Number of protein chains: 2
Amino acid sequence: MAAVTNFTYSASPFLVRCCSMKENHHEQLNGNSSIRMNGSFRSPIKVESLSQTAEAAPTTLVENGQRQNIPTKKQLVDSHRQGLIVGVGYRQTVVIRSYEVGPDKTATLESILNLLQETALNHVWMSGLLSDGFGATHGMMKNDLIWVVSRMQVLIDYYPIWGEVLEIDTWVGASGKNGMRRDWLIRSQATGQIFARATSTWVMMNRKTRRLSKMPEEVREELAPWFISNQAIKEDAPEKIVKLNKEAKYTNSNLKPKRSDLDMNQHVNNVKYLRWMLETIPDQILESHQLSGIILEYRKECGSSDIVESLCEPEEDEIVVNGIIEPDYCTNLINGLSLASSDIINGGGVLSYLEHRPMKYTHLLQAKGEKQNEEIVRGKTTWKRKFTTCPFST
Amino acid sequence: MAAVTNFTYSASPFLVRCCSMKENHHEQLNGNSSIRMNGSFRSPIKVESLSQTAEAAPTTLVENGQRQNIPTKKQLVDSHRQGLIVGVGYRQTVVIRSYEVGPDKTATLESILNLLQETALNHVWMSGLLSDGFGATHGMMKNDLIWVVSRMQVLIDYYPIWGEVLEIDTWVGASGKNGMRRDWLIRSQATGQIFARATSTWVMMNRKTRRLSKMPEEVREELAPWFISNQAIKEDAPEKIVKLNKEAKYTNSNLKPKRSDLDMNQHVNNVKYLRWMLETIPDQILESHQLSGIILEYRKECGSSDIVESLCEPEEDEIVVNGIIEPDYCTNLINGLSLASSDIINGGGVLSYLEHRPMKYTHLLQAKGEKQNEEIVRGKTTWKRKFTTCPFST
């Protein structure tokens, strides 16, 4: 078995620094270690193996008799998930499925967020650290600590289409003294082109007191060997998101989570947050634009009994909606050239600039309280005009 | 390249008859033909291949410059999707992902339906018949025909858990003179145990006139070589589903599809139908029971502007809800032994019978019309008590 060490990605400008594994991975490699990555395995299919279904890999039963299918032992490759540990990061090949795309046949943002969650959890278990379903390490379990995501940012240049084969890389790094950063890169398996980048920050919370916790030394020792400093998204200072109030331009009230919106954690899942946020955005924008960036700042878990309000405010008023420009804004823009860059003048002109500049919205989901409302998530979304031509052919 | 012919599944009591391929599959095999099935490939990972990302399999650009990632040429194996043609059927290995499970960590019915759709479409393109995104064959395209599903039935014995590796088989057969049946088996990859079975019937519709069509001879010639007679679910006569009216016990009105509920076809997707149906069922039942069977009879497509009503009626009144039995029913049952089988008397008694017998609900989704309502889907769901012990340890 060859060790996976010291290689770099040829296709990615955001290199994952693939240092040697700090620990010996040879001892616990799963026997089923064949994996097909990057289209370079070309051995013929072994037909005779197909009749051996019943003999292969018996279902693991843990002591209490329950089926246990998330391995807890470190593993370098996982052929079923088409994933492998590269250096201290994790790479998984996925295909966009028919039900993961929307009416335009490109992957929905929801599907992309789901894949980020999936690869993160797979990274944790492949690294041998997973002690429960939510990514907690053994040391965290011992200290009654759980992970809480505090911030998430996703930038999407191209939405993968139905049937497209993707490679998703994910890795972790330190965030301040007590936090962790997790980053992702999604790229075309065929061309290496980067489609999307994402970063998130995580802190630890005591499961019982629900208070944030420092990172215990024991946990730091578990995690630190996996930390690298590379960042999928370079940010000097994280963008601040203002808190909206009831003056917000768009509001959806009285939103109630349903049973099918709850995740393993009994909390409302991320996808539902996203739907609540995006449903406030005017239909014309959703039709002519696609989301190119989203930042989520998590404030409080949303439980199944919360009644939620979704607020949304355009960063500046929507000036161009389907090509119609509000006259006031246009005049202001032309008069006040501080707003315009030389590109506006030299390029397609003011109209073209207005049509193609990204639109931004600020969002807030809040739970209605008896005395006051409680913030669940603040968000910011950026939207750009949909491509009408192939991004590769220009 | 070995041909895939004449083998049978050792693990499945519902054998797919794997006759030889009627057509020559050798000519169009994709070069990337390595696949790992059933845990029996154990070749070491080729690390050196990992740096070749950019060189592998260039993105296919079709004439109009769009990326095209659903192959149209026949293929025997698809390593990315972990799928292959076996005889005239298709088998795909999938892992239940973290976001595909509900609060109880088992796959949701929605996820299962999604996987059925995915494997069906993959089967069609692997067989070389796919001409568009919805499973239409080349002959169908030529004749302006599309597939319309008229009925779907799913029986679920065990819900796969998070991380479980599944094998999904799907194949097609004739249904009457002009229809097609598509069946599925879902089983544990580790033990071969069957978790779920499904069957569906499809008819052809003229895309322009929206009228049902006979199967043209040209299309029959395309499809017939792929037909086998095996059935995943044996039924003498399909169960009839009565049409509910506004007297139904449970009703949810004023349901509106959202943008995110639309599929590639611009119609409300199956998952949304399901949610609308299941949300009418009382919470106590959803907590104590799990769905073991569902039949859907499709009547009309639901468009984005429809306003929908979801009706639901228990087959007989819910007699046992969380262990509390309605006294009248209990008395009636004991007095009228025609209702009871000898098992009731010999086994755990009346109480046990009542607690463990499946519950059934009839459903109707209808679109509100100006003059009259239009049926979208009729449904029937069957529910059994949740397992508290491992199904394998008894």
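The model is a predicted one.

**Tyrosine pair in chain A**

- A:Tyr273 and A:Tyr298 make up a tilted aromatic pair, with 6.3 Å from centre to centre and 45 degrees between the planes.
- Distant parts of the chain are linked by this pair, since A:Tyr273 belongs to helix H4 (residues 270–278) of chain A and A:Tyr298 to strand S10 (residues 289–298) of chain A, 25 residues apart.
- A:Tyr273 and A:Tyr298 are both buried.

**Tyrosine pair in chain B**

- In chain B, B:Tyr273 and B:Tyr298 form a tilted aromatic pair, at 6.3 Å centre to centre and with 45 degrees between the planes.
- Because B:Tyr273 lies in helix H4 (residues 270–278) of chain B and B:Tyr298 in strand S10 (residues 289–298) of chain B, the pair ties together parts that are 25 residues apart in sequence.
- Both members, B:Tyr273 and B:Tyr298, are buried.

**Helices H1 and H4 of chain B**

- Helix H1 (residues 109–126) of chain B and H4(B) have axes that come within 10 Å and cross at roughly 155 degrees.
- Angles over 145 degrees count as roughly antiparallel, and H1(B) is therefore roughly antiparallel to H4(B).
- The crossing of H1(B) and H4(B) is right-handed.
- On the H1(B) side, B:Leu109, B:Glu110, B:Leu113 and B:Asn114 take part, and they meet B:Val271, B:Leu274, B:Arg275 and B:Leu278 in H4(B).
- The residues in this contact of H1(B) with H4(B) comprise five nonpolar, one polar and two charged.

- A:Lys300 sits in the loop between S10 and strand S11 (308–314) of chain A.
- The relative accessible area of A:Lys300 is 23%, so this residue is partly exposed.
- Apart from neighbours within four places in sequence, A:Lys300 is in contact with A:Tyr273, A:Asp306, A:Ala367, A:Glu374, A:Glu375 and A:Ile376.
- One of these contacts, A:Tyr273, is also a member of the tilted pair with A:Tyr298.
- From C-alpha to C-alpha, A:Lys300 and A:Ile281 are 23 Å apart in space, and they are 19 residues apart in sequence.

Terms used:
Residues are numbered from 1 along each chain as its sequence is written. Chains are lettered from A and ligands numbered from 1 in the order in which they are written. This is a predicted model: local features need pLDDT of at least 70, side-chain atom pairs count only at pLDDT 80 or more; totals for chains, interfaces and linings use all residues. Side-chain values use heavy atoms; hydrogens and water are left out. Rings of Phe, Tyr and Trp (its six-membered ring) pair if their centres lie within 6.5 Å; planes under 30 degrees apart count as stacked, over 60 as edge-to-face and the rest as tilted. Helices (H or I, at least four residues) and strands (E, at least two) are DSSP runs, numbered from the N terminus. Buried means under 20% relative accessible area, exposed over 50%, partly exposed in between (1.4 Å probe, protein chains only). Axes are lines fitted to C-alpha atoms, for helices over the stretch in contact, and angles run from 0 to 180 degrees between N-to-C directions. Angles under 35 degrees count as roughly parallel, over 145 as roughly antiparallel, 65 to 115 as roughly perpendicular and the rest as oblique. A crossing is left-handed if the near helix is turned anticlockwise from the far one by less than a right angle, and right-handed if clockwise. Contact means heavy atoms within 4.5 Å. Ala, Val, Leu, Ile, Met, Phe, Trp, Tyr, Cys and Pro count as nonpolar, Asp, Glu, Lys and Arg as charged, and the others, Gly among them, as polar.
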